[in-house]
Amino acid sequence: CPAVGLRVRLHRTGPDADPAAPALRDLRLDADGRAHGGLLSGADLQRGTYALEFFVADYFRGRGVTLPEPPFLDVVRLDFGVADPTRHYHVPLLASPWSCASYRGS
């Protein structure tokens, strides 16, 4: 099911990124389990590397799932690259309290 309300944070990474810089975006997913309006667009989306952080343990706790302490998965970090900023990048995460998978979506 769509992860309504899942917290997601986006950071710029790589040698040119400032590690002290605040997140580019920090949001909660909408009713479709998506970042309403996208994460970055236009000139904000640049060639380079990024990291998405998915706060999955908080999400599952909020749904009433009993997790061990510490949880097996807490914050799932996904590092990815943008080679062509003129293209569309959809980065879905399929997650349970015990596993996750991602791919470049359409």
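How many disulfides does the structure hold? The structure holds zero disulfides, a disulfide being a pair of cysteine sulfur atoms within 2.5 Å. C1 takes part in no such pair, for the nearest cysteine sulfur, that of C100, is 16 Å away.

The model is a predicted one, in which local features need pLDDT of at least 70 and side-chain atom pairs count only at pLDDT 80 or more, while totals for chains, interfaces and linings use all residues. Residues are numbered from 1 along each chain as its sequence is written, and side-chain values use heavy atoms, with hydrogens and water left out.

The overall architecture comes next. The protein chain has one helix and six strands; helices (H or I, at least four residues) and strands (E, at least two) are DSSP runs, numbered from the N terminus. In sequence order, these elements follow the pattern β-β-β-α-β-β-β. The C-alpha trace spans about 40 × 30 × 20 Å along its principal axes. The radius of gyration, taken over C-alpha atoms, can be set against a globule rule of 2.2 Å times the number of residues to the power 0.38. For 106 residues, a compact globule would have a value near 13 Å, and the 14 Å of the protein chain agrees with this.

A residue is called buried under 20% relative accessible area, exposed over 50%, and partly exposed in between (1.4 Å probe, protein chains only). Of the 106 residues, 31% count as buried.

Contact means heavy atoms within 4.5 Å. Among contacts between residues at least 6 apart in sequence, 56% join residues at least 24 apart.

Two residues, V82 and Q46, illustrate such contacts. V82 lies in strand β4 and is buried, with a relative accessible area of 3%. Leaving aside neighbours within four places in sequence, V82 is in contact with L45, Q46, R47, G48, Y50 and Y89. Q46 is found in the loop between β2 (25-28) and β3 (48-55). Is Q46 buried or partly exposed? Q46 is partly exposed, because its relative accessible area is 42%. Apart from residues up to four places away in sequence, Q46 touches R12, V82 and P85. The C-alpha atoms of Q46 and P85 are 5.5 Å apart in space, although 39 residues separate the two in sequence. V82 and L24, by contrast, are 58 residues apart in sequence and 15 Å apart in space, C-alpha to C-alpha.

The loop between β1 (7-13) and β2 contains D16 and A21. D16 counts as exposed, because its relative accessibility is 76%; A21 counts as partly exposed, at 34%. D16 and T49 stand 33 residues apart in sequence and 9.6 Å apart in space, C-alpha to C-alpha. For A21 and L67, the separation is 46 residues in sequence and 32 Å in space, again C-alpha to C-alpha.

Another loop, between α1 (56-62) and β4 (75-82), holds P70. The peptide bond from E69 to P70 is cis, with omega near 0°.

The final topic is charge. Lys and Arg count as positive and Asp and Glu as negative, while His and the chain ends are not counted. Each charge is placed at NZ of Lys, CZ of Arg, CG of Asp or CD of Glu. The protein chain has 12 positive and 12 negative charges, and their mean positions are 4 Å apart.
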